[in-house]
Amino acid sequence: MNFFSKALYSEKTTIFLSCIYPVLFLYSQNTNVYSLQSVAASLLFMVAMASVTTLFLNIFCKVFGNRVLIFSVSSTVCLLSLLYFSIRIFFPNTWSVLLLYCALVLFSTVLCIKFKFYYLNSFLAILCALSCLMIGGKLGMNSVNSVEFSKHNTNVAFIHKPDIFIILAESYNSFREQQKEYGIENSKLKQYLQQNNFEIENAFSNYDHTTASSLAIFYMQHHYNKFLEGNHDLTAQGRGLLNGNTLNAALAILKKNNYYTSFIDCGGYLVKQKGELYNYTPAKNFWGHLPSPLEKPMIPINIILKKIHIYIKFMNDVDTTVALKDAMSAKPNDMPGFYFIREGADHVTYEKTPEVWRKNYRELIKEGDRKIISLLRLIQEKSPDSIVVILGDHGGKMYQLKKLSKDDFIKDLYEVLFAVKMPVSLSKQGKWNEYANTAVNLFPKIFNMLSGNSSLLDGLEKKAHSIDRNGKVIAVDGNPVDVKP
């Protein structure tokens, strides 16, 4: 029996193929979204995970015996779990999914007990080969997304060219909602903004999660979560737009006006591959190279490594203020700068009571305030006469733990911080105040102010429309529209 035949009968092969195939499948569906570097990092990590899993299963088998049963169940659970994280947008959270999951585990186990691992390994090997062929074909054809993006006119000439800083504040409710629901009064960020002449508003987010909110900003119109259809990184072709490809009309307008463009997302959550329209993106840590769907099952590993202080330098995030300083230093002196920065409070997770949720959210806001203030101080030092916007992507999401009224549900999820500071020479010229301060309006309002081109305001919303995951408008200016919390 040659090497390949032995490998097909080996239970160790099953573990390795179960870990590797989800990565190959995900990349085969997203060749224009992820870089080869990201895929290589993911495969390396999965091989390491498979090796550690095999080691532990060997020990387990020596204690409990029944090697075929243990390896078949473990490998199938591993495969299905990773695949589920890759394409979970297809599956509702129902008992039918769990039953299907259990049925596949049972079928795979019976198959392995009766025929050893030959047929399961052969099937997984064929799937891996098909994914590799698909990857090669797509790379060879240099395929691009077929989705129809917005048709904004990119021939916009700016009269004014100040530096532009947009800070997407992760999980930041408005100061009003922070005080009402979470007991945060007169926060450090609120004090700083008031002392430095920012205009502060209680705004309403168009969407309820980071990726959709970010897409809405660059899409410059509502996408109604249509990018969530399909297996393309759970956001269909939208991730390529965030990556800065040539379909990004907002970036195209900035580039045509000679802006040096930067996207600073140090965790690598939003931008997976630096596109043609970005001049600068910071180096990602190891976790940032993993495809987004595969980051979720790695969160517990990340937490454990931090707890036991085994956290190697290449696993750490780059500090956002340091990255912004690097981007500003890299910008040529004769070019204005555009900087999109994701920073903030992060999400509250794994809490059992509303009291603990509130306490942890307060701590996250405290740390988020510190980071955002650090960014604002650097901006004030290096580029004091610039446009600075802070916009929350969504709220604290207390509704996940505590049943809320319709009105409170909307406020908790969609009422977000909005703060802006303009150069003295601009001071919100034109019709800025006639339109809502929302994600879809943000770039058209800024571009109108810089260019005087009123056509950019066509179709903007005067009241904030908040959209749920199904693409339905569930609130207008924070007022519920037939919504169930």
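1. In this predicted model, Phe 443 and Phe 447 both belong to helix 17 (residues 439-451), where, being 4 residues apart, they are separated by about one helical turn. Their rings form an aromatic pair that is stacked, with 5.2 Å from centre to centre and 25° between the planes. Phe 443 has a relative accessibility of 0% and therefore counts as buried, and Phe 447, also at 0%, counts as buried as well.

2. Phe 443 and Phe 447 also take part in a cluster linked by ring pairs, whose members include Phe 158, Phe 218, Tyr 259 and Phe 338. The structure as a whole holds 14 aromatic pairs.

3. Another of these pairs brings together Tyr 182 and Tyr 361, whose ring centres lie 4.2 Å apart and whose planes stand at 35°, so the pair is tilted. Tyr 182 lies in helix 7 (residues 175-182) and Tyr 361 in helix 15 (residues 354-382), so that the pair links distant parts of the chain, 179 residues apart. Both Tyr 182 and Tyr 361 are buried.

4. A contact of another kind involves Lys 445 and Trp 432: the charged end of Lys 445 sits over the ring of Trp 432, at 4.4 Å from the ring's centre.

5. Turning to helix packing, helix 2 (residues 11-28) and helix 3 (residues 36-64) pack at an angle of about 160°, and their axes are 9 Å apart. Because angles over 145 degrees count as roughly antiparallel, the two helices are described as roughly antiparallel to each other. Helix 2 passes helix 3 in a right-handed crossing, and the residues of their contact divide into 15 nonpolar, 5 polar and 1 charged.

Technical notes
Residues are numbered from 1 along each chain as its sequence is written. This is a predicted model: local features need pLDDT of at least 70, side-chain atom pairs count only at pLDDT 80 or more; totals for chains, interfaces and linings use all residues. Side-chain values use heavy atoms; hydrogens and water are left out. Axes are lines fitted to C-alpha atoms, for helices over the stretch in contact, and angles run from 0 to 180 degrees between N-to-C directions. Angles under 35 degrees count as roughly parallel, over 145 as roughly antiparallel, 65 to 115 as roughly perpendicular and the rest as oblique. A crossing is left-handed if the near helix is turned anticlockwise from the far one by less than a right angle, and right-handed if clockwise. Ala, Val, Leu, Ile, Met, Phe, Trp, Tyr, Cys and Pro count as nonpolar, Asp, Glu, Lys and Arg as charged, and the others, Gly among them, as polar. Rings of Phe, Tyr and Trp (its six-membered ring) pair if their centres lie within 6.5 Å; planes under 30 degrees apart count as stacked, over 60 as edge-to-face and the rest as tilted. Buried means under 20% relative accessible area, exposed over 50%, partly exposed in between (1.4 Å probe, protein chains only). A charge sits over a ring if NZ of Lys or CZ of Arg is within 6 Å of the ring centre and within 35 degrees of the ring normal.
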